Structures are given as C-alpha cells and as structure tokens.
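I opened the notebook to record what I looked up in this structure. The entries follow in the order in which I made them.

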Amino acid sequence: MEKKILFKIKALYRDDFRVSGFSFGSGEKAVCIVGSMRGNENQQLYCCSQLIRKLKELEAKGRIHEGKEILVVPCVNPYSMNIKKRFWSIDNTDINRMFPGYDEGETTQRIAGGLFEAIKDYVYGLQFASFYMPGRFVPHIRVMKTGFEDVELAKKFGFPYVVLHTPRPFDTTTLNYNWQVWETKAFSVYTTFTEEIDRASARQAVEAVLNFLRKTDTIDYDGFEGYVSKVVSTEEMVTVRNRTAGFFEGKTGAGEHVRKGQVLAYIADCYEGNVTDEICSPTDGTILFTHAEPRVYQNTAVYKIIPEKDEW
Amino acid sequence: MIETVVKVDLPVDEMLQIRKMRLQPENGGNGRRISIVTGIHGDELEGQYVCYKLSDYIRKNMKYLAGTVDVYPALNPFGIDSITRGIPAFDLDMNRIFPGNTEGDMNEYLAAQIVRDAAGSDLVFDIHASNIFLTEVPQIRINELHADSLVPYAREANVDFIWIHGASTVLESTFAHSLNAAGTPTLVVEMGVGMRITQAYGDQLFAGIVHLMKRLGIWKGEDFDVRTPIVSADNEDVGFLNASTSGIFLKNVEHGAVLKKGDLIGRIVNPLTGTVADEITSPADGWLFTIREYPVVSEGSLLGRILYGKENSV
Ligand SMILES: [Zn+2]
C-alpha cells in the first residue's frame, strides 16, 4: 500500500487541505473507489476505511493481480468533516456539483479538478454516495444513464438491486456523470445510512466491492457470491407521498416487502397527536427508500417502492 | 392588493406563504403585466429596496398606471428570515429546482406555483445581489440561448453592463431559464453585494423598470432617462481573477474602476506572519465590474472580474 497526496491547498490558519489516496498493486489504473465527499458522510468514510483494511490484507497475501492498480480515496473533504459542516467550509458549495472541475477556478472547482485529474483514467470508478434527501435505503448500485452505462457490469456487485437513473440538469456536474463522460465505467454504491454508521450494511457494501474486484479480474477473493441483481429504473419506481405535515410514524422499513393497501406510515398532528394521514401502499412491492426523520413536510416522497412485476 | 401565490402547511403551527403585491388600475388595466421578483437567495437583499421603492412610487401615482405590476419580494421567505442563501432545512439552492413539479415535494411544488403565477408576464425582473463575497456593478446576465429576445429589453433597463454568457446544463433549472424557455421574457439582474442594500443601485434599477413599464404601455406617468450599457457577448473578453493563495484580501480599488495593465487591484496578506502573500494587478487594460468584498480567501476564491479593452469604461 502506498499513501499519496492527490491534491493539496495551503490554508491561512488551518492545516493544509489534503485529499489522500491509498494505492494497492501497480500497473494499469484498474479501479478507483471514492468515499465521503460531504461532511456528513460518515458511513461512506467508514466503508472506505474497512475496504482499505481488507485490501491491505489481500495485498500482503499477494492477492492483487499483477499489473493492476486499485486506488481508494476515503475522503475528498476532510475540512468539512472536521467542522461537521455538510458542504464546503467558506462558501457552502458542494464538491459533488463541481465536476469535472477547473484548475484555475474557485476553490471547490479546483478540488474537484485536482481529484478528477488523479482519478479520471481508471477503467472502473466506484463512489460510496449519499442521497440528497435524508432517509434510509436498501443497499443498491446506482447507474446513471449516459449512453456509456454498463448495467451487466453493475450486476457484478451482487447487490439485490441495480437502479438505473436518468440524469437531471444538476446531475451533469457530479463525479459519476463525468467519469462516464471520460469513459470510466462508473457506479454509485448506496448503503442504508449516511450520518450514522451501520456496520452491517457497510460490511455488505465492502463485500460487494471486493466481489466486483474479483469479477473484473483485479483481485483473488473468496467471498460471498451475492445476489442475482434485479435492474429497476427510477421511472418504474412508485413514489408515495404524505398529504399532511406532522410527525412521521413509519410502520415499515427499507427492504420490506409490502402488499397493496398495507399501511406504511401514519402522520400525526404535532400539537394534538391525532392521526391526520394514513399512508397506504399503492402496489405490491419492495421498499427501496424510506423517510427517516421525526417530522415531515407536506407531500414529501416518504417511500419509494419497487413494484412487483408479474412473474412468467 | 396583497395576494397569496402559494401556501403550504408546516408541521408545527405555521403556514408558509409566498405573497405578492398586485398593483392595477381600478378598471383592471390593459392586460399588460410586468413582474418584479426577488429573494430566491435569502442572503441577497438589494431587491428588497427596489420592491419597496417601486410599490411606494406606483401607489402614490396610481392615476398613471395602465397595466398590472406584480411585486414578489420574497420567493424564499425562510432564507430571508434566517440569513440563509438556500432553503433552510433542505440545504438546497432554490434556483436549482425550477420549473418545479406540482406533484413533487414542498419545494418543487412552491417552484411550480411561482412559475405558473409569473408566466405570461410581458416582462419579468429577477433581482439578485451577487452573494456575500462579491460586489457587482448593476448588470443583467443573459443566457446566449435567449439573447435575441432579451437584449433589447436589457438595453433599456438602466444597468451599466449586459453580460451574455454561454449556455450550461446546470442553469436550466433556474427560475429565469424556466420562464424564458416558456416564452416569458425574464431578465436576471445582479447588483451590489449580499446582506447589504446599496440604495443608489436600487434607485438606478427603479428608473430602468419604470422606463420599461412606459415602453410596455404599463405606465403613463413620468419617464426616466436610461444609460447606455456596455454589452459583452464574447466570453473571451471577460477575465476572472482567482486567489493564488489563501489569506486576507485587502482591496486597493472599488468595483467599477477603470484599470490600466499593471494597476494594483489588491493584496492578499497573512496577518500571522505580517507579510504580503500576493499582489493582484490587472493583467490588461479593462473595467473591473466585480470585486471581492469578503476578506477571507482561500486558494481559488474569486477576487474580481474584468472586462478587457480600454474602450470599456462607463
Ligand atoms: Zn442570487
């Protein structure tokens, strides 16, 4: 393992801002794995730390294939992590809205640009990502439809679901999108949590990444074979919204199978406690995402359900 | 008359309302309409003064009003109330969610209702105030996709500068882009600085708005003379000055300064060591239409923008 500094900025009163990378094996730039990019992405940071620990062991046993290099970047934004701020310390910009970056631009454009320069030539790019809405997910692989996406490859993680996502305007400045533009096969790995660390889903994610490394001929690894992934596009997913604002009392969690008409959650009045809305499932299916905050605004997407297709 | 554009119930004993002032002659007017919109970014307050001044002026001179004037002073009331640029609780830039979605979440719903309400105006002003970091001369920014329809209005708006910039996918989710794409001409004004009000700029833009109301047949009263703006349609002639290092920026000139090549714009100093880390000089003759206001800079922070060319002086 070699630790390298991929990008650095000198600060006025703080220690240097550093983006560090951990490199395993040598040769072709095979796989790059990026972790936390926002200051609240603890789970993503944790996943990378576990992956680095595992890759160190595998490297010591000579299990990384000759002529292949793996790079892990556990954190792109230590400054925000250390002050517990989600976005960039001074101007609140999001590094994951700055790709491909610009080396003569604003600070976060330079960070994105410096990182991208170091990671854009890898064959495969994986990012432990978080969703813009707070909530819990069934672990899944997300692939952006750019024309360069590779769904068959996404199945190699052995996750239960592969979610195909059509980019919206703001997605065009994310790492995942730009990796694909530069012809890196890119995948986002979603686990259940973001701010809290969940060891079980982190372990599952690390296993999935190791599985992927094995199936792409990068390492020898004797691990869990994984699931036969189901591919679902975001357009197929059923979004369930609450009609009233209030306390959110979820009755079902991410990953659960639900039947049409089943009560998923109640909304209760914040002052008087009476139930103001009963949220029922409009379909048979599996819950991919659930809202996970105590209160909820009107018409929030509190559940995303993968509908059951007729088997044949 | 104050009207509610959209309202939603909040979880704890509060109703979120986005409101506007509709000014109209008693007979309903001639059907022509101008909309003045501001406060998408909660830390940009220059538009507050313009809304107040315009509304006050028209209400005192109602007999000259021939059409409709809609004044929307606060599209992001939570942001204005909490000194937050984006939408608090969502960490979301409101100017990245348009045109919204009536079936979507609260913010998408608000955005969609705002667009529905403002659409169909003969002209819309969307007034911004840069941000807390930069001070700007009064200017109108136009996406090149909409230049043909917007530049004729912008020339009459009494601003100093019209900047026609390249199209970008990210900007497709702005309020102005959504309305322009739907055929409602919308001018984006940037002037002054965040968290402050520069009354002289507000007065200047006010005169431009009244002038355009006159041109649109909405106003029968007094007209104001407007200045001739500099128009830049070539992205090559705008230069960006970014900090070469982190430190405290001390400006040596004000925005609007006419510069000769080599003129000192400012210094980046280090108070810990008591030294100058960098001196920023003008790379060529030009006009400094943006300057850094907020002193703390890190490597890459924008310090100023220059329109090159010595003929470019107001
Ligand atoms: Zn703004």
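Leaving aside its neighbours within four places in sequence, which residues is B:Leu54 in contact with? I found B:Ile36, B:Val69, B:Phe206, B:Ile209, B:Val210 and B:Met213. Contact means heavy atoms within 4.5 Å.

**Ground rules**

I am working with a predicted model, where local features need pLDDT of at least 70, side-chain atom pairs count only at pLDDT 80 or more, and totals for chains, interfaces and linings use all residues. Residues are numbered from 1 along each chain as its sequence is written, chains are lettered from A and ligands numbered from 1 in the order in which they are written, and side-chain values use heavy atoms, with hydrogens and water left out.

I placed B:Leu54 in helix H1 of chain B. Helices here are DSSP runs of H or I with at least four residues, strands are runs of E with at least two, and both are numbered from the N terminus. B:Leu54 is buried, at 1% relative accessible area. Buried means under 20% relative accessible area, exposed means over 50%, and partly exposed is in between, with a 1.4 Å probe and protein chains only. I also checked B:Leu54 against B:Asp225: they are 171 residues apart in sequence and 16 Å apart in space, C-alpha to C-alpha.

B:Asp56 is in helix H1 too, which covers residues 46–60. Is B:Asp56 buried or exposed? It is buried, with a relative accessible area of 18%. From B:Asp56 to B:Thr198 I noted 142 residues in sequence and 18 Å in space, C-alpha to C-alpha.

**Chain B as a whole**

I counted six helices and 17 strands in chain B. Its radius of gyration is 20 Å, which agrees with the value near 20 Å for a compact globule of 314 residues. That radius is taken over C-alpha atoms, and the globule rule is 2.2 Å times the number of residues to the power 0.38. The C-alpha trace spans about 65 × 50 × 35 Å along its principal axes. Of the 314 residues, 56% are buried. Among contacts in chain B with a separation of 6 or more, 69% are between residues 24 or more positions apart.

Chain B exposes about 12700 Å², with 49% supplied by carbon and sulfur atoms. Accessible areas come from the Shrake-Rupley method with a 1.4 Å probe, and for residues only the protein chains shown count as cover. I noted 27 positive and 41 negative side chains in chain B, with the centres of the two sets 6 Å apart. Lys and Arg count as positive, Asp and Glu as negative; His and the chain ends are not counted. Each charge is placed at NZ of Lys, CZ of Arg, CG of Asp or CD of Glu.

**Chain A as a whole**

Chain A has six helices and 18 strands. Why do I call chain A as compact as a globular protein of its length? Because its radius of gyration is 20 Å, close to the 20 Å that the globule rule gives for 312 residues. Its C-alpha trace spans about 60 × 55 × 35 Å along the principal axes. I found 54% of the 312 residues buried. The accessible surface is about 13600 Å², and 48% of it belongs to carbon and sulfur atoms. The mean positions of the 40 positive and 42 negative charges are 3 Å apart.

**The interface**

I then turned to where the chains meet. The contact takes 37 residues from chain B and 30 residues from chain A. Together the chains bury about 2700 Å², 58% of it on carbon and sulfur atoms. Buried area is the accessible area (1.4 Å probe) that two parts lose on being put together, summed over both. B:Pro11, B:Asp91 and B:Glu299 supply 23% of the area that chain B buries against chain A, more than any other three residues.

Most residues other than glycine have a negative phi, and most peptide bonds are trans. I listed exceptions.

- A cis peptide bond joins A:Phe99 and A:Pro100, with omega about 10°. A:Pro100 is in the loop between helix H2 (78–82) and helix H3 (107–119) of chain A.
- Another cis peptide bond joins B:Phe98 and B:Pro99, with omega about 5°. B:Pro99 is in the loop between helix H2 (77–81) and helix H3 (106–118) of chain B.
- A:Glu183 is not a glycine, yet its phi is positive, about 65°. A:Glu183 is exposed, at 56% relative accessibility.
- A:Asp217 also has a positive phi, about 60°, without being a glycine. A:Asp217 lies in the loop between helix H6 (199–215) and strand E10 (230–233) of chain A.
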